[in-house]
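Keep the structure open and turn it as you read.

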Amino acid sequence: MAKKISKAAESDTSSSGKKLVIVESPTKAKTIRKFLGKDYIVESCMGHIRDLPQSAKDIPEKFKKEKWATLGVNVENDFEPIYCVPKDKTKVVSLLKQKLAEADELYLATDEDREGESISWHLSEVLKPKVPFKRMVFNEITKEAIQKSLKETRQIDENLVRAQEARRILDRLVGYSISPLLWKKVAYGLSAGRVQSVAVRLIVEREEDRLKFKKAQYWGVLATLTKEKVSFEAKIQSWAAKRVATGKDFDGLTGQLSDGKDLTILDQKTATLIANKVQGQNWLVKEVEEKPTTRRPYAPFITSTLQQESNRKLGLSSRETMQVAQKLYEQGFITYMRTDSTFLSAEAIKAARTCIQTKYGKEYLPNEPRLYEAKKVKGAQEAHEAIRPAGTVFQDPDETGLSGTQLKLYELIWKRTVASQMVDAKQKQVSVKFEVDQAIFSSSGMTIEFPGFLRAYVEGSDDPEAELQEREVRLPALKAQEKIPCTKSEPTEHETKPPARYTEASLVQTMEKEGIGRPSTYASIIGTIIDRGYVKKSGTALAPTFTAMVVTKLLRQHLTQFVDLGFTSEMEKSLDHIAEGEMDSLKYLAQIYSGKAGLRALIDSQEKKIDPDEARSIALKGLEKYSFRVGKYGAYVCTKREGEEICASIPESESPGDMTADVADKLIDQKINGADALGKDPKTGLPIYALNGRFGPYVQLGDVTEENDKPKRVSVPATIPLETLTLQQALDLLALPKTLGMHPSLKKEIKAGLGRFGPFVVCDGDYRSIPKSESIFEMTLDKALALLSTPKKGRGRAAPLKELGEHPATGDVVQIMNGPYGPYIKSGKINVSLPEGVTPEQMDLERAVALLADKLGTAKKTASKAGKGQRKTKSK
């Protein structure tokens, strides 16, 4: 475990020599350099410089024969971790040691959470500084914050380091102990994790609820009434003195009315009868109720609420949100993005109030600042303030020079922060009841009397002004005993809906509520369960795979507590106690892993009880005659036909919750009968098949034989249903990639092909997706040239921030791109960083060409030398 922090940290020796400041990223280093003088060297350690072994080859030779070596933790000696410097970090460490040798003082300026504290501790252990070193912390990268942090340094917090180390060791022990069990009993390569397995369980159990769900059908009546040329709607509430049933009244497990409810379920005949009876009549206004309501603004963002709103409003995943927020923080635009505190500093409140008065007016500014408690949920981060625009003056989004997702996320944070300090929204709710024949109908309206904070921010909406209009439902002035004519009435058909699948936003919300994991880890948890094939995205919904269902079943049956929500939440609380110095980390790790009730003993006892055949199979509700299993090559379905068991692969596109008997039978039938050939290839005479496999539908040229065990296969695009695929389409697919012609200026071939992300055209490594409105089979040279001439719409940082024009010497397009370390200029294969302090908006073609000149000259010399070397080789 972590050793005592070196006493050198306590030294306060000042020197006129150089001072080394170490941060995690080049972008953060670049921003901080602007605020420090020439006496400071600011370098990046590129994140963690050492960690537990990632593979067997990383384990030092002296430990390889130990029983615990594969864990990377000596469980027999106080859980002593084996730390290794990864190969890709050796150069970084060498550079930092070199820079440290030039310095008289060291400042460790990593992030102020547990992760950052851990990185600082590892730096002190690896660099072994002989000069005084101090811990420097800040939650925003502004000149004032950096200068203040230099004056208020401290030691490395041993409790935070121990808590982070205990968390890392605990994750390793759980993951590396349970995963081998899954390899033996289910399929090799599967993984388990302390938090990821619980997240998968939540998603699986929601899917199980959907599978158990029985839908119910019911009818209603919708009418349109008109007064003073204002039309509004009313819905039936009761008939013959009994309330009419709606969706909330049904039991999802039975499809029947919930117990104890004496209601009327309208069928089509009755609903039609009522609609005909009430239409054209004058309805009596039975009751009018007006109720003023007040809405308070939302608190400023914390990590979890930022991820949820970014997912809802911007469509960003939790991982993408945190990546963009990290860049905004490191460039000095927002405060630290890993926080559970809604507290705003006095400077932030003043900045927000100034924005409100300037942008919205005095009537939107409350007399007193709004104070939000600095409350923290369990598993909280150490940052003490909410996520907000950085500095004592909030920079207007339009003046930041940001673009793309960075601008959208900054604007979201800016609006939420400013709105949190605005006055309440005042609304008026109106509910009206009408009597006609034996029916009671109801209508409701809502008007915004004063928008207040909603003028700046409406949760779940991109455009507050538009959203306010959509939220309003205006009713005409109505009085009791008044008669209103019904101009239209019609029966409406409804059916109950199964529980909605989790989205990233709702999963984050549930994990936070249950105390599972930490908000700073939600992004990586969701990313991990998707990357490892436990969950796939269906639109915005998270759907479990068959593998997820099988693994969750095994863990619930045999390692119950390690996927139990309460147990996992208690783990987080214990790790918090360690961080606060209230619990001994060694005793806690021993309690979880060792002893009769520990993880090691539990796995040993349960392993013998697990039958591999039973473990890798599941039964789905309503599909009991089929067995769904997971094996080495993915999921497959089995059933008995004429006394014999037949099994067929399930395409990865199929989710357990969407599986039907028709789909299963179709897969089995294809397996029994074999695929009928679409026809023969005119060139080779080989049969062409349309098949369904693990990765979806594909066409195959020829049969699998001993001589040809891998016949040519090409995926069928999602736009072509396998059932309607023709021989000509199959031939066209097998001809891919096809050459369309030569590029007139580049003199390079242009090809059309199918890739991981769908159909594309390519020329000299420059790719463009073929839009869904175009068919790859009808792609021509002219159409391809038109696509290639359009700006590239890349994924992530591949999309250009700005097009500057053609380079006068090379003819290549000069673009400003957004990279992991900030904006840079790209022309052909040459890249160069933007100068410090220069934004993409300030850059023009002339300046860009000047910056590219040196690199372009170097590239030409390198190419020239390479060419000479090749000529010499050939001459030999």
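A charge sits over a ring if NZ of Lys or CZ of Arg is within 6 Å of the ring centre and within 35 degrees of the ring normal. With that in hand, look at Arg 172: its charged end sits over the ring of Tyr 176, 4.0 Å from the centre. Arg 206 does likewise with Tyr 502, its charged end 4.1 Å from the ring centre.

Before going on, a word on ground rules. This is a predicted model, where local features need pLDDT of at least 70 and side-chain atom pairs count only at pLDDT 80 or more, while totals for chains, interfaces and linings use all residues. Residues are numbered from 1 along each chain as its sequence is written, and side-chain values use heavy atoms, with hydrogens and water left out.

Now for rings against rings. The distance of the centres and the angle of the planes describe a pair of aromatic rings. Here, rings of Phe, Tyr and Trp (its six-membered ring) pair if their centres lie within 6.5 Å; planes under 30 degrees apart are stacked, over 60 edge-to-face, and the rest tilted. Searching the whole structure turns up 20 aromatic pairs. One of them is Tyr 218 with Phe 250, stacked at 5.5 Å centre to centre with 25° between the planes. Tyr 218 belongs to strand β7 (residues 217-227), whereas Phe 250 is in the loop between β9 (242-243) and α7 (268-278), so this pair links distant parts of the chain, 32 residues apart. Strands (E, at least two residues) and helices (H or I, at least four) are DSSP runs, numbered from the N terminus. Tyr 218 is buried at 11% relative accessible area, and Phe 250 is buried at 11% too; buried means under 20%, exposed over 50%, and partly exposed in between (1.4 Å probe, protein chains only).

Next, find Phe 301 and Tyr 457, an edge-to-face pair at 6.3 Å centre to centre and 80° between the planes. Phe 301 lies in the loop between β10 (282-295) and α8 (303-314), and Tyr 457 in the loop between β12 (439-450) and α12 (464-471), so the pair ties together parts 156 residues apart in sequence. Phe 301 and Tyr 457 are both buried. Elsewhere, ring pairs join Phe 232, Trp 283, Phe 434 and Phe 441 into a cluster.

On to the strands. What covers β17 (residues 627-631), one face or both? Both faces are covered: Ser 627, Arg 629 and Gly 631 are buried on one side, and Phe 628 and Val 630 on the other. Two strands pair if DSSP finds at least two bridges between them. Strand β16 (residues 617-618) pairs with β17 in the antiparallel sense over two bridges, with Ile 618 opposite Phe 628. Five bridges join β17 to the antiparallel strand β18 (residues 634-641), and a hairpin connects β17 and β18 through two residues. Gly 631 has Gly 634 as its bridge partner in β18.

Further along, four strands make an open antiparallel sheet in the order β20-β21-β22-β23. Its edge strands, β20 (679-680) and β23 (713-715), each pair on one side only. Lys 680 has Pro 687 in β21 as its bridge partner.

Finally, the axes of helix α6 (residues 196-212) and helix α13 (residues 504-514) come within 11 Å and cross at roughly 120°.

Definitions and conventions:
Axes are lines fitted to C-alpha atoms, for helices over the stretch in contact, and angles run from 0 to 180 degrees between N-to-C directions.
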